[in-house]
There are 2 protein chains.
Amino acid sequence: MTVAHHHLSNLQASDSDSTAANSTAAHSTDHALNHVIIEFYEKLSSWEHAIVRDKGFSLSQVHTIELLGVHGAMRMKELADKIGVTTGTLTVQIDKMVEALWVVRRPHETDRRSILVELTDKGQTLFLEHDALHLQLTTDLTAKMSCEERVVLVNLLSRMNNEF
Amino acid sequence: MTVAHHHLSNLQASDSDSTAANSTAAHSTDHALNHVIIEFYEKLSSWEHAIVRDKGFSLSQVHTIELLGVHGAMRMKELADKIGVTTGTLTVQIDKMVEALWVVRRPHETDRRSILVELTDKGQTLFLEHDALHLQLTTDLTAKMSCEERVVLVNLLSRMNNEF
DNA sequence: TCATGTATTTTGATTTTCAAACTATAATCC
DNA sequence: GGATTATAGTTTGAAAATCAAAATACATGA
């Protein structure tokens, strides 16, 4: 078996060509952007793993708390889609979280098939604690940025979020 | 059980205050930044889940291929830390991936305790296919951005990556 | 009304994961 | 150098997470 030696490390952004906006430059920027996004995702992912391990939760549980904390009450199906598991898996997961008093189930107002899951006060507290860790990370990661740069970053990231 | 109704949806970035760079403004920008990052992470995460399900891989396996594709050969320990699992877990995972001919193990040049894992040609091909999907997503997400904005985004994200 | 589609739960099997014990090598300290 | 301690990786057995498929209940539309 031959082995591939090619890899993509050390792709660094150059901010010197922001005026050369032809299509070739755009293409290479897309590649660079793709790889910094992947790297950012990977690093956030392993940071989250480490945090979660320390606290004794599972990654999915924290993800659930994060989603409910950020978006508010949600239907099982919605939540399952966002987390990326089947509803069957989510049912047993939510069972445990209900038992731990982090979330409650309540009926959907208009659709009697649906069930809304929402954080309890205890769950909300947990979310806020986790959110504070995230905020600390965010602050650390952007410590060397100017306020203007941070504002630009919020703008660009939220525009990406809206395109999903 | 009382239920918490507070949540944090609809936090949107405003790019109108980039000149008001006092400390209070910086603080609220950090909060906004934190939440767009969390949302971005969540959305990427469920996108990756969906992709992975379709292809019949596990999320961890794709993560491994992604890491090896981006960073090149790595020691088991390094890889386990980046993925966020124990080395015991990684051993069985890599066993399967070796069997599938996606990766090979080879001895570390200087440390005889260590083992390097690296992509085979087949694994490299898989990585490139997955990377192409990521690139397509990146392109879609930034379709409405100017070239300058994309360059700025690469710059800001890679600076965050360097602070991890 | 009846057929089809959607939301959730349950079940049993499979897969993933961990912690702990074990082997082998490296580094450190007398 | 030789003993001790630390690190890298594997194995093992048990616990946890996950899935697919079946079952139930409700919704939607012909």
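In what order do the elements of chain A run from the N terminus on? They follow the pattern α-α-β-α-α-β-β-α-α, and chain A accordingly has six helices and three strands. Here helices (H or I, at least four residues) and strands (E, at least two) are DSSP runs, numbered from the N terminus. The structure is a predicted model, in which local features need pLDDT of at least 70 and side-chain atom pairs count only at pLDDT 80 or more, while totals for chains, interfaces and linings use all residues. Residues are numbered from 1 along each chain as its sequence is written, chains are lettered from A and ligands numbered from 1 in the order in which they are written, and side-chain values use heavy atoms, with hydrogens and water left out.

Of its 164 residues, 49% count as buried; buried means under 20% relative accessible area, exposed means over 50%, and partly exposed lies in between, with a 1.4 Å probe and protein chains only. Contact means heavy atoms within 4.5 Å. Among the contacts in chain A between residues at least 6 apart in sequence, 44% join residues at least 24 apart.

The next subject is the relation between the two chains. Two copies of a chain are related by a rotation about an axis and a shift along it. For this model, a rotation of 180° with 0.0 Å of shift along its axis superposes chain A on chain B, with an RMSD of 0.0 Å. The two copies are therefore related as by a two-fold rotation axis. The superposition is by least squares on the C-alpha atoms of residues with pLDDT of at least 70 in both copies.

How many residues of chain A are in contact with chain B? There are 89, and they meet 89 residues of chain B. Because 100% of the interface residues of chain A are also interface residues in chain B, the copies meet through the same surface. The area buried between the chains is about 8,900 Å², of which carbon and sulfur atoms give 66%. In chain A, the residues that lose the most area to chain B are A:Phe40, A:Tyr41 and A:Phe164, together 8% of what that side buries. Buried area is the accessible area (1.4 Å probe) that two parts lose on being put together, summed over both.

Single residues show how the chains touch. B:Ser45 lies in helix H1 (residues 23-55) of chain B and is buried, with a relative accessible area of 6%. Leaving aside residues up to four places away in sequence, B:Ser45 touches A:Tyr41 and A:His63. B:Lys82, in helix H3 (residues 76-83) of chain B, is partly exposed at 30% relative accessible area. With the same exclusion of residues up to four places away, B:Lys82 touches A:Ser46, B:His63, B:Leu67 and B:Met74. B:Lys82 and B:Thr64 are 18 residues apart in sequence, and their C-alpha atoms are 8.9 Å apart in space.

Two packed helices are described by the angle between their axes and the distance between the axes. Axes are lines fitted to C-alpha atoms, for helices over the stretch in contact, and angles run from 0 to 180 degrees between N-to-C directions. Helix H2 (residues 59-71) and helix H4 (residues 87-99) of chain B pack at about 75°, with their axes 11 Å apart. H2(B) is thus roughly perpendicular to H4(B); angles under 35 degrees count as roughly parallel, over 145 as roughly antiparallel, 65 to 115 as roughly perpendicular and the rest as oblique. B:Ser60, B:Gln61, B:Thr64 and B:Ile65 of H2(B) make the contact with B:Gln93, B:Ile94 and B:Met97 of H4(B).

In chain A, the axes of helix H3 (residues 76-83) and H4(A) come within 9 Å and cross at roughly 105°. H3(A) is thus roughly perpendicular to H4(A).

Most residues other than glycine have a negative phi. A:Leu101, in the loop between helix H4 (87-99) and strand E2 (103-107) of chain A, has a positive phi of about 65° although it is not a glycine. A:Leu101 counts as partly exposed, at 43% relative accessibility. B:Leu101 likewise has a positive phi of about 65°, and at 42% relative accessibility B:Leu101 counts as partly exposed.
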